[in-house]
Amino acid sequence: MAMRTRTATIKPSEITPEAAFYNRRDILAAAIALGLLPNALPPAHAAVLPADGTLRDVGKWPGSLRDPPNSFADITNYNNYYEFGTGKGDPARNAHRLEPRPWSVQVTGEAGKLGTFTLEDILAPHALEERIYRFRCVEAWSMIVPWVGFPLSDLLQRFEPTSRAKYVQFFTLADPEQMPGLSYNVLEWPYREGLTIEEAMHPLTLLTVGVYGKSLPNQNGAPLRLIIPWKYGFKSIKSIVRIHFTEREPETSWNMAAPQEYGFYSNVNPEVDHPRWSQATERRLGGGLFTARVPTLMFNGYADEVASLYSGLDLRRYY
C-alpha cells in the first residue's frame, strides 16, 4: 500500500514546549472536566504497563486449561510475525526494532465513540487476568500459553458499536523503519484481520497485553494483540493500531493472499483439511520431532462454549 508523506517548515514558535508536552494529559483532563472537550471514553483511572515489564495484581481465570504451559523460550522464539521476517525465529531476532511506547489505537466505523486513544486509555479500567489457552497453528502444531489480558468485549462496549456493526476489523502497525519484513511483498500491508461482532464479543476472546506474567515481548505482538482460542493462530492479530466496526464482512490478510486455503472464519476444524496438509492431528511444540501426535479437537477444544456461534453454518463452505 503506497503511503504519501509531506514536509513542512515549522516555526520555532509553533513547537510545543517540552513541559507542556509532558503535562498534556493533565491539561486534557482539566479541559474535559470543564466541558471544553468531549470525553470520548467513560472516565477511568489511567492504567499503564509497568516499566519493568512485570504485570502485578493479575487474577487467575478459573476456566484455564490444566495442561502445563510451554516454556517462555518456546513461546517467544517460535513465532509468525511476517513484518519481522518469514522464518519462525526471525521475529525474535528482529523485533527489538519495534517501539511499543508510546502507542495509540484508532477507532473508526459504526460506533458512537470514535477517535484515537492512547494505550493508557485502552487499558483503563480493565482488570487483568491470566488465561491458559491452547494456541493452534495451521502447520499442525500447538502450544499451551498463559496469556494475560481482559475480554475484548469489555473494551468494544466502551466504543458503543451501533446496530450496523456486524463485524470488527483490526489492523497491525505497518512501519518500514521498525519492520524490515515490510520490504517483502509476501502479503498486502498493513496486516488485517476480522471477526463477526458475536465472535469479538464472546467472553473467550482476549485482548492480550502479556504472557507468563510479563508484558508481551515485541515478537509476540506488543503492546496489544488478540487471542481467539478456538481459531488458528494467524487470526490473533498483533500490535493493533486500528479497530474498525463495519456492516460488511471485512478483508483479512491471509484470505486476501490465498482464499482457497484461508477462509474468513478460520475455525480449528479437524474435519476440513488444509489443501496442503491434514489438520486431523497435531503435535505439541517443544517436545521434539518424535513427540506423539494427538487428535485435533473441534474448535480447538472449545466447542461447548462457541459452537452455538455457527449454528446452521456449513463449516466446510465457511471455513
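1. Let me start with the sheet: five strands form an open, mixed sheet in the order β3-β2-β11-β6-β7. Its edge strands are β3 (115-118) and β7, each of which pairs on one side only. Neighbouring strands here are turned by 20° against each other on average, with direction ignored. Strands, at least two residues of E, and helices, at least four residues of H or I, are DSSP runs numbered from the N terminus, and two strands pair if DSSP finds at least two bridges between them. The axes behind the angle are lines fitted to C-alpha atoms, for helices over the stretch in contact, and angles run from 0 to 180 degrees between N-to-C directions.

2. A word on the source: this is a predicted model, in which local features need pLDDT of at least 70 and side-chain atom pairs count only at pLDDT 80 or more, while totals for chains, interfaces and linings use all residues. Residues are numbered from 1 along each chain as its sequence is written, and side-chain values use heavy atoms, with hydrogens and water left out.

3. Within the sheet, β2 (residues 104-109) and β11 (residues 240-246) pair in the parallel sense over four bridges; Gln106 has Arg242 of β11 as its bridge partner. By contrast, β6 (residues 167-172) and β7 run antiparallel and are joined by five bridges, with Gln169 partnered by Gly194 in β7.

4. A salt bridge here is a side-chain nitrogen of Lys or Arg within 4 Å of a carboxyl oxygen of Asp or Glu.

5. The structure holds 12 salt bridges. One of them joins the side chains of Glu139 and Lys88 (3.5 Å, N to O). Glu139 lies in the loop between β4 and β5, and Lys88 in the loop between α3 (72-77) and α4 (90-94), so this pair ties together parts that are 51 residues apart in sequence. Glu139 is partly exposed at 34% relative accessible area, and Lys88 is partly exposed at 22%.

6. Asp90 is buried, with a relative accessible area of 19%, whereas Arg93 is exposed at 53%. Elsewhere, Glu110, Arg164 and Glu247 are linked in a network of salt bridges.

7. Turning to the second largest pocket, about 450 Å³ of space lies in it. Which residues are closest to its centre? Of the 29 lining residues, they are Asn80, Tyr81, Gly233, Phe234 and Lys238. β4 (129-137) and β5 (141-151) each supply at least two lining residues, and β5 gives the largest share, three residues. By class, the lining has 18 nonpolar, six polar and five charged residues.

8. The terms for that pocket are as follows. On a 1 Å grid over the protein atoms alone, a pocket is an open set of points where a 1.4 Å probe fits, with protein on both sides within 12 Å along at least five of seven lines; lining residues have an atom within 4 Å of a point. Grid points are joined across faces, edges and corners, and the volume is the space filled by probe spheres set on them. Ala, Val, Leu, Ile, Met, Phe, Trp, Tyr, Cys and Pro count as nonpolar, Asp, Glu, Lys and Arg as charged, and the others, Gly among them, as polar.

9. Finally, some backbone points to check. Most residues other than glycine have a negative phi, and most peptide bonds are trans. The bond from Arg101 to Pro102 is cis, with omega near -10°, and Pro102 lies in the loop between α4 and β2. The bond from Ala124 to Pro125 is also cis, with omega near 0°. Asn300, in the loop between β13 (294-295) and α9 (303-306), has a positive phi near 60° and is buried at 0% relative accessibility.

How values were computed
Buried means under 20% relative accessible area, exposed over 50%, partly exposed in between (1.4 Å probe, protein chains only).
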